[in-house]
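Dear colleague,

Please find below the structure that I am handing over to you, followed by an account of what was found in it.

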2 protein chains.
Amino acid sequence: MTWSLRVAATSPKIRLGEVASNVERIRAALESAVADDAELIVLPELATSGYVFTERGEAAKASIARDDPAWADLASALVPGVTAVVGYAERAGQHLYNTAAVFTRDRRIGDYRKSHLWGAEALLFESGDSAGAIFEVPFGRLAVAICYDNEFPEVPRRLALCGADMLALPVNWPRVPRPDGERPPETIQAMAAARSSRLATVIADRSGTERGVEWTEGTAIINDDGWLAAVPDAYGCAVATLAFRARGDKSLPPHNDLFGDRRPHLY
Amino acid sequence: MTWSLRVAATSPKIRLGEVASNVERIRAALESAVADDAELIVLPELATSGYVFTERGEAAKASIARDDPAWADLASALVPGVTAVVGYAERAGQHLYNTAAVFTRDRRIGDYRKSHLWGAEALLFESGDSAGAIFEVPFGRLAVAICYDNEFPEVPRRLALCGADMLALPVNWPRVPRPDGERPPETIQAMAAARSSRLATVIADRSGTERGVEWTEGTAIINDDGWLAAVPDAYGCAVATLAFRARGDKSLPPHNDLFGDRRPHLY
């Protein structure tokens with residue numbers, strides 16, 4: 001049975017270390033996407049805290065726990081049936097993680113801790129123990145990975161093979177050199193991964209700069225054929241209604257199947 | 001130690017079933033690439049036979065064995081130190097394979113039999129028993145995969161993890177629907193795979209049409225950062241001198257490494 005879903009990736013202004021005001025702006029972004037009838041809303045990696053910390057103590061100060069009152073505040077911006085994915089610096093006892101929270105208005109569905117740490121992140125955060133994760137959400141099975149995770153082809157592939165209906169990808173992509181006229185390389189990698197596994201991907205990136213790091217502004221919605229379905233409007237929000245084949249259908253008629261044609265004993 | 005290699009992907013006119021004249025045109029294309037100082041020359045999938053066979057008997061008639069005299073003729077177009085990769089319909093006893101021959105002027109280095117069969121190919125050919133293969137050639141370790149093989153992210157990844165210095169990819173890409181202004185999706189997938197594993201990829205595709213199938217004309221050279229280094233000239237030949245870091249260097253200074261950052265126990 002075919003189905004469709006209205007999805008949003010939104011990139012409000014995020015200020016390094018200013019958790020309370022970031023939460024306010026995230027809340028407003030959620031409200032705005034809800035008003036646009038989005039059923040899945042994805043915010044960037046480390047949206048509550050910002051990214052470019054220079055040392056662990058600074059990251060710790062901007063971290064929040066899973067039961068921080070901010071979460072109830074953010075959840076209250078949603079309406080029933082809507083799922084949000086918001087990146088945050090997670091404090092868990094003495095540990096810090098680069099985490100994405102998955103929640104609805106009424107329930108904390110789960111948290112995914114990034115397991116492939118980029119740059120100096122390993123000096124700030126512990127690694128998660130799962131390469132992406134899949135959560136049962138109101139519309140189906142939502143995979144979540146964070147930024148550098150998705151540059152390992154194993155990650156989106158594994159999530160799709162495990163039955164994900166779609167991937168939410170909070171990122172903070174620093175702009176890297178690229179030839180004139182080319183997309184960010186991370187976008188190309190996400191498009192390829194989406195097409196290879198028929199895995200639509202909702203990417204929320206940062207915009208502007210932070211401590212001299214220029215973000216690549218890669219917020220985008222990629223459909224399950226691997227093509228761009230939406231890029232951000234003037235307010236940093238990309239919205240699209242994605243149409244899907246039956247869940248788990250990876251067939252390429254008349255002869256082929258993206259998953260059935262795999263030769264796993266050869267890999 | 002850094003190194004460089006001059007590579008060519010060339011797409012001469014290929015006529016369905018006309019083996020002798022195809023071999024002549026492949027020979028001329030090899031000579032031309034040698035004259036351009038190419039050290040690796042890649043021809044399309046099923047270059048000696050054409051692709052759009054409607055039944056096995058027809059493919060069998062256009063098949064040749066590994067010891068067919070055509071190979072000595074083609075090898076004689078090369079000069080010492082040059083490696084060629086040429087797709088052909090291979091006859092081996094009662095079996096037919098979609099194979100790529102790897103050879104120098106003086107030696108048949110090996111043959112790779114395609115293991116992911118596209119469309120009606122399974123009605124024509126047996127499957128190979130390796131997901132791509134790596135050959136020791138004069139310049140180093142050359143991986144070879146054929147067409148649909150490379151749309152399985154496991155294949156280029158595995159070849160790179162096994163130590164390939166570069167990938168030769170003979171293809172016959174039928175043109176598929178794509179949004180205006182977009183590249184062929186298979187090119188996007190090859191660019192992403194190249195970047196993820198720092199695996200330069202030399203793609204030789206068909207051009208024009210065959211029995212109503214329009215080829216996507218995706219002949220291209222992709223460098224190991226995943227960017228297009230060359231597309232075909234008016235004669236269907238793409239040539240580039242690729243520069244490489246030290247062999248096996250997957251580092252992303254100062255903190256990261258494309259392979260070292262993998263979490264294989266999580267996949």
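In which loop of chain B is Pro254(B) found? Pro254(B) is in the loop between β15 (251-252) and β16 (256-257) of chain B; helices (H or I, at least four residues) and strands (E, at least two) are DSSP runs, numbered from the N terminus. The peptide bond that leads from Pro253(B) to Pro254(B) is cis, with omega near 5°. In chain A, the bond from Pro253(A) to Pro254(A) is likewise cis, with omega near 5°, and Pro254(A) lies in the loop between β15 (251-252) and β16 (256-257) of chain A.

Please note that this is a predicted model, in which local features need pLDDT of at least 70, side-chain atom pairs count only at pLDDT 80 or more, and totals for chains, interfaces and linings use all residues. Residues are numbered from 1 along each chain as its sequence is written, while chains are lettered from A and ligands numbered from 1 in the order in which they are written.

Chain A as a whole

The secondary structure of chain A consists of six helices and 16 strands. Its C-alpha atoms fill a box of roughly 55 × 40 × 40 Å along the principal axes. The radius of gyration of chain A is 18 Å, which agrees with the value near 18 Å for a compact globule of 267 residues; this radius is taken over C-alpha atoms, and the globule rule is 2.2 Å times the number of residues to the power 0.38. Of the 267 residues of chain A, 52% count as buried. A residue is buried if 20 or more other C-beta atoms lie within 10 Å of its own, exposed if 12 or fewer, and partly exposed in between, with C-beta atoms placed from the backbone. Among the contacts in chain A with a separation of 6 or more, 66% join residues 24 or more positions apart; two residues are in contact if their C-beta atoms, placed from the backbone, lie within 7 Å.

The sheet

In chain A, six strands form an open sheet with mixed pairing, in the order β5-β4-β3-β2-β1-β14; two strands pair if DSSP finds at least two bridges between them. The edges are held by β5 (108-113) and β14 (237-244) of chain A, each with a single partner strand, so one side of each has no neighbour in the sheet. From one strand to the next, the twist averages 30°. Strands β1 (residues 3-10) and β2 (residues 40-42) of chain A pair in the parallel sense over three bridges, and Ala8(A) has Ile41(A) as its bridge partner in β2(A). Helix α1 (residues 19-35) of chain A lies across β1, β2, β3 (83-92) and β14 of chain A, at about 150° to β1(A). Axes are lines fitted to C-alpha atoms, for helices over the stretch in contact, and angles run from 0 to 180 degrees between N-to-C directions.

Chain B also has an open sheet of six strands, in the order β5-β4-β3-β2-β1-β14 and with mixed pairing. There, β4 (residues 95-103) and β5(B) pair in the antiparallel sense over five bridges, and Thr99(B) has Arg113(B) as its bridge partner in β5(B).

How the copies meet

A rotation of 180° with 0.0 Å of shift along its axis superposes chain B on chain A, with an RMSD of 0.0 Å. The two copies are thus related as by a two-fold rotation axis. The superposition is by least squares on the C-alpha atoms of residues with pLDDT of at least 70 in both copies.

The contact takes 32 residues from chain B and 32 residues from chain A. On the side of chain B that touches chain A, α5 (154-161) and α6 (185-197) of chain B each supply at least two residues, and α6(B) gives the largest share, seven residues. Since 100% of the interface residues of chain B are also interface residues in chain A, the copies meet through the same surface.

Individual residues in chain B

Most residues other than glycine have a negative phi. Leu46(B) has a positive phi of about 50° although it is not a glycine; Leu46(B) lies in the loop between β2 and α2 (56-61) of chain B and counts as buried, with 34 C-beta neighbours inside 10 Å. Arg198(B), also not a glycine, has a positive phi of about 50°. Arg198(B) lies in the loop between α6 and β9 (201-204) of chain B and is buried, with 20 other C-beta atoms within 10 Å.
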